[in-house]
Amino acid sequence: MVSKPPSSTLERQARRFLETHRGRRAIRAAPPAGRAAERILKPLARRFGVGVERLVEHWPEIVGARLAEWCLPEAISNSGGNRTLVIRARGPAAAVLQAESRRILERVRMFAGERSPTRLRVLQGVTRAPLPATQQMTKPPSASQVSERVEENLEARLLSALDRFGNSVKSRNGTDL
């Protein structure tokens with residue numbers, strides 16, 4: 001049988017061990033969760049395209065302040081290889097947005113990249129979140145101002161026609177879009 005060394009010898013050995021081995025190093029803090037999430041989400045965004053939340057966040061920059069007052073993106077559906085952006089428009093603004101759908105899709109494509117929606121579906125109704133109030137609509141342009149803009153190019157003619165349409169809808173309903 002092995003005999004135990006005296007307690008003073010054990011204490012001395014323990015003290016010597018602790019002096020040379022000071023224990024574990026302090027544990028590093030966890031990395032920020034955003035960095036870890038970014039490593040996961042970036043490849044997914046490249047593969048599947050941007051999400052609706054990101055479009056909502058940058059919607060006024062994408063479509064412009066005037067159209068952003070009237071609508072918000074609601075969903076991106078994927079059916080048959082076609083990605084469709086679903087936006088909800090307030091009241092009669094749906095017709096204006098449908099007319100501007102090509103321009104809206106081009107701007108969304110510039111923002112979202114190659115995996116952007118190729119179709120637009122406009123739903124009429126109340127937007128899900130109140131939009132921030134921007135500058136109030138000014139007095140409609142006179143007929144001479146409109147005719148000056150119409151003669152410039154095809155896009156100017158389309159914008160002029162849409163402005164006239166919007167003004168006639170407002171005057172007919174007596175409400176502001």
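Is Leu85 buried or exposed? I looked it up: Leu85 counts as buried, because its relative accessibility is 0%. My cut-offs, with a 1.4 Å probe and protein chains only, are under 20% relative accessible area for buried, over 50% for exposed, and partly exposed in between.

**Ground rules**

I am working on a predicted model, where local features need pLDDT of at least 70, side-chain atom pairs count only at pLDDT 80 or more, and totals for chains, interfaces and linings use all residues. Residues are numbered from 1 along each chain as its sequence is written, and side-chain values use heavy atoms, with hydrogens and water left out.

**Overall layout**

I found nine helices and three strands in the chain. Both are DSSP runs numbered from the N terminus: helices are H or I with at least four residues, strands are E with at least two. Reading from the N terminus, I noted the order α-α-α-α-α-β-β-α-α-β-α-α. The chain has 177 residues, and 25% of them count as buried.

I went back to Leu85, which sits in strand 2 (residues 82-89). Pro73 is twelve residues from Leu85 in sequence, and their C-alpha atoms are 7.1 Å apart.

Next I checked Gly51, in the loop between helix 2 and helix 3 (52-57). Gly51 counts as partly exposed, at 31% relative accessibility.

**Helix 2**

Which residues form a nonpolar patch on the surface? I listed Ile40, Leu41, Leu44 and Phe48, with about 390 Å² of accessible area together. A patch takes residues with over 30% relative accessible area and no salt bridge; like charges are joined within 9 Å, and nonpolar side chains (Val, Leu, Ile, Met, Phe, Trp, Tyr) within 5 Å. The areas come from the Shrake-Rupley method with a 1.4 Å probe, and for residues only the protein chains shown count as cover. Ile40 belongs to helix 2 (residues 33-48), and I noted Ile40 as exposed because its relative accessible area is 55%.

In helix 2 I also found Lys42 and Glu38, four residues apart, about one turn of the helix. Their side chains meet in a salt bridge (3.3 Å, N to O). The cut-off is a side-chain nitrogen of Lys or Arg within 4 Å of a carboxyl oxygen of Asp or Glu. Both partners are partly exposed, Lys42 at 46% and Glu38 at 40%.

How many salt bridges does the structure hold? I have six in my notes.

Arg66 is partly exposed at 28%, whereas Glu100 is buried at 3%. I also noted Leu162, whose C-alpha is 8.5 Å from that of Glu100 although they are 62 residues apart in sequence.

Glu106 and Arg102 form another bridge (3.8 Å, N to O). Both lie in helix 7, four residues apart, about one turn of the helix. Glu106 is partly exposed at 39%, and Arg102 counts as exposed at 66%. Elsewhere, salt bridges with shared partners join Arg66, Glu100, Arg103 and Asp163 into one network.

**The second largest pocket**

I noted a volume of about 270 Å³ for the second largest pocket. On a 1 Å grid over the protein atoms alone, a pocket is an open set of points where a 1.4 Å probe fits, with protein on both sides within 12 Å along at least five of seven lines; lining residues have an atom within 4 Å of a point. Grid points are joined across faces, edges and corners, and the volume is the space filled by probe spheres set on them.

Which residues line the second largest pocket? Among them I found Glu100, Arg102, Arg103 and Glu106, along with Leu154 and Leu158. Helix 7 (101-112) and helix 9 (154-173) each supply at least two lining residues. By class I noted four nonpolar, no polar and six charged residues. Here nonpolar covers Ala, Val, Leu, Ile, Met, Phe, Trp, Tyr, Cys and Pro; charged covers Asp, Glu, Lys and Arg; the others, Gly among them, are polar.
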